[in-house]
Amino acid sequence: LFASTWDFRHAANTLEALPPPDGVEIALAGRSNVGKSSLINALTNRNALARTSHTPGRTQELIFFSSNAPLTLVDMPGYGYAKVSESKVKAWTRLIHDYLRGRVNLARVFVLIDARHGLKTTDDAVLKTLDLSAVVYQIVLTKADEVKKAELERRIAETKEKIARRPAAFPELIVTSSREGTGMEELRATIAQILAE
Ligand code: GTP
Ligand code: MG
């Protein structure tokens, strides 16, 4: 699955511009700068397949990546704070929600949460959209290399508790660091499992 070559396939900044649904789609959502694009690169073993930046607001469209496997990975613009105009943020927010609500071949959404900060109120809107449309989502903690073990354990426990009663939340979290490669095998195995379902 991840041994093959991954390529950019499509970019869309409106619902009308989405590619026709084809095979299984898995999307990465999360606040701006949480590490969505970096995670795509780490997963696919590519340095610069998805464009990353330390300035929040780098990814400005839905970006579709595919390989010869029947799987498309979708990098999304971040929500919450971004160093761009308010109108852009509004347009992205709408696109994110419309896409998450209506995409028929969306098999799972990984909702990325910074291991330093945990779930924030800005994440609630997206979790709510996913709960309402019954799209299964799974929390992926990112930047685990930035926190000490005890803090990480606290964050895991606190996050599990916060999602426990959410209807579409997958109960298990995945802890990752794109910088150190932590959690990549677990994430790849999870994706392989989703494809096998
Ligand atoms: P937007 O597209 O702006 O929403 O951001 P994004 O979620 O795609 O984040 P991106 O992958 O561009 O990464 C944002 C910043 O976090 C960059 O400076 C990355 O180098 C850094 N970063 C990403 N993953 C990790 C990680 O595992 N550990 C650490 N320490 N930094 C990371
Ligand atoms: Mg990005």
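In what order do the seven strands of the open sheet stand? The points below start there.

1. The order is β1-β3-β4-β2-β5-β6-β7, and the pairing is mixed. At the edges are β1 (7–12) and β7 (174–175), each of which pairs on one side only. Strands pair here if DSSP finds at least two bridges between them. Strands (E, at least two residues) and helices (H or I, at least four) are DSSP runs numbered from the N terminus.

2. This is a predicted model, in which local features need pLDDT of at least 70 and side-chain atom pairs count only at pLDDT 80 or more, while totals for chains, interfaces and linings use all residues. Residues are numbered from 1 along each chain as its sequence is written, and chains are lettered from A and ligands numbered from 1 in the order in which they are written.

3. Strand β3 (residues 62–66) has five of its five residues buried, so it is largely enclosed by the rest of the structure. A residue is buried if 20 or more other C-beta atoms lie within 10 Å of its own, exposed if 12 or fewer, and partly exposed in between, with C-beta atoms placed from the backbone. L62, F64 and S66 point one way from β3, whereas I63 and F65 point the other way.

4. β3 runs antiparallel to β1, to which five bridges join it; A12 has L62 as its bridge partner in β3. β3 is also antiparallel to β4, with four bridges between them, and there I63 is partnered by D75 of β4. The link from β3 to β4 is a hairpin through four residues.

5. Strand β5 (residues 106–114) runs parallel to strand β2 (residues 24–30), and six bridges join the two. A27 has V109 of β5 as its bridge partner, and G30 stands opposite L112 in β5. Eight of the nine residues of β5 are buried, which leaves the strand mostly covered.

6. β5 is also parallel to strand β6 (residues 137–142), again with six bridges. Here D114 stands opposite T142 in β6. Between β5 and β6 the chain passes through helix α3 (residues 121–133), and this β-α-β crossover is right-handed. Right-handed is said of a crossover if, with the strands pointing away from the viewer, the path from the first strand over the helix to the second runs clockwise.

7. Which residues of α3 are buried? They are D123, V126, L127, T129 and L130. These cover an arc of only 155° around the axis, which puts them on the same side of α3; the arc is that of the directions from the helix axis to the C-beta atoms. T121, D124 and L132, on the other side of α3, are exposed. The cover over the buried residues includes β2, α2 (86–102), β5 and β6.

8. α3 has 13 residues and reaches 19 Å from its first C-alpha to its last, close to the expected 18 Å, which is 1.5 Å times one less than its number of residues. A134, which follows α3, has a positive phi, near 60°.

9. Helix α5 (residues 184–196) lies across β2, β4 (71–75), β5 and β7, at about 140° to β2. Such angles run from 0 to 180 degrees between N-to-C directions, with axes being lines fitted to C-alpha atoms, for helices over the stretch in contact. Contact requires C-beta atoms, placed from the backbone, to lie within 7 Å.

Key. Contact = placed C-beta atoms within 7 Å.
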